[in-house]
Amino acid sequence: MENSRDTTLRILAQRAVRELREQKERIGDRGSGGSSVIRLVNCLIAFGIERSASDIHIEPQEDGIRLRYRSDGLLCEYDETLPSDVISALVSRIKVMAGMDIAQHQKPQDGHIRYSVNAKELDIRVSILPALYGETVVMRLMNMEDRLLQLHELGFSAGNEAAVRTLIHKPAGLLLLCGPMNSGKTTTLYAAMSELNETAHNLVTLEDPIERVLPGINQVQLNPKAGLTYPVGLRTILRQDAETILLGEIRDEETAEMAVRIALTGHLIMTTLHTENAVSAIYRLLEMGVAPYLLAATLSGIVAQRLVRRICPKCKGIGCPTCHESGYYGRVALQEVLSMDDTLRDAILKRDARQTMEGLARRNGMKTLWEDGKEKISIGATTQEEVRRVLYGVV
């Protein structure tokens, strides 16, 4: 069931498309669409905001333009397609807003838009990719006015939260945040940096891109074209008297090796890695060529996490206008926290089998993602179906 706001946006979008097509018929492809295409783009963004979407997908197909919105981690298709003949004006308008080259249609482009709506400031990251039927557009919506979450607000169980606090307050070592894209890793890292942010500490980040401004922390935006890569940035930070370093991501063997060696020199490095669970991160770094003795000496802990949809507080899962009849509203994190001890360090040195490592981690107090999910189910935060969907792909 649509609410009145959805209906209004739909009518405005239809009107903008109609005007755009009429103008195109009058003057052909020479026109940009003027106010009509501006209204259309504004309507698409407004609809995404109304649905609390994190991403808007504009995808040219053979028979029209498919629109999809990602809300609470799931892609939902807008139930109407736009006509194919408006794609050129639509993409050109977005390129202009994002500071891109409107004459370039054969290469991928990236940009961002600072967008104001209803007294809110949004940072919209735009990615454009040439595809079979035209250029596809993905816009990521980030509300710059949303406050940064603190550690106690991230959904950690009491035991996991205590373990994470111990890890981030260590004077040195390597702390890994693991999970797929859009699993909340950066949010957790920012919360950890915020907790450590005191005048007596020099905190530095290396990011690509910088997602949120952290007052009082020296944030560095990577610029590979200018020679500022992760390895170059890490070498320079060593001369900046930094104590704690947030490294956006370990992407390659060189960055992995440098991160481990810097942790060995007495720095605390917090970074992310794309693995399915905590123990898998150990083997990923070994596969990247990190020497077992270095990893065993520096790794202090690993946090793996996923985001599952939260049961709607208004209807308790039945479906209502607030949750757009889905039964879910917002998301909650599932986490597993692996804290290193001597038995795990010995296992890394011996390159023990993964099953052995998992057994040692659980005996050391680690609860798996599934076990944490069951706790979230028991307190009514989410459902078993949702946990199974996210962890195992079971629908």
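This is a predicted model: local features need pLDDT of at least 70, side-chain atom pairs count only at pLDDT 80 or more; totals for chains, interfaces and linings use all residues.
Local features need pLDDT of at least 70, side-chain atom pairs count only at pLDDT 80 or more, and totals for chains, interfaces and linings use all residues. Residues are numbered from 1 along each chain as its sequence is written, and side-chain values use heavy atoms, with hydrogens and water left out.

The sheet is open and has 7 strands in the order 9-8-10-11-7-12-13, with mixed pairing. Strands (E, at least two residues) and helices (H or I, at least four) are DSSP runs, numbered from the N terminus; two strands pair if DSSP finds at least two bridges between them. Strand 9 (218-221) and strand 13 (328-339) stand at the edges with a single partner strand each, so one side of each has no neighbour in the sheet. From one strand to the next, the twist averages 20°.

Within this order, strand 10 (residues 244-247) pairs with strand 11 (residues 268-273) in the parallel sense, over 4 bridges. Isoleucine 245 has isoleucine 269 in strand 11 as its bridge partner. Helix 5 (residues 185-196) packs on the sheet and touches, among others, strand 7 (173-178), strand 8 (203-207) and strand 12 (299-311). The direction of helix 5 makes about 165° with that of strand 11; angles run from 0 to 180 degrees between N-to-C directions, and axes are lines fitted to C-alpha atoms, for helices over the stretch in contact.

Threonine 244 lies in strand 10. Its relative accessibility is 8%, so threonine 244 counts as buried (under 20% relative accessible area; exposed is over 50% and partly exposed in between, with a 1.4 Å probe and protein chains only). Apart from neighbours within four places in sequence, threonine 244 is in contact (heavy atoms within 4.5 Å) with Met193, Leu196, Asn202, Leu203, Val204, Leu268 and Met270.

Helix 10 (residues 342-349) packs with helix 11 (residues 354-363) at an angle of about 170°, their axes being 9 Å apart. Thr343, Leu344, Ala347 and Ile348 in helix 10 meet Met357, Leu360 and Ala361 in helix 11.

Glutamine 384 belongs to helix 13 (residues 384-392). At 42% relative accessibility, glutamine 384 counts as partly exposed. Not counting residues up to four places away in sequence, glutamine 384 touches Trp370 and Ile377. Glutamine 384 and leucine 203 are 40 Å apart in space, C-alpha to C-alpha, and 181 residues apart in sequence.
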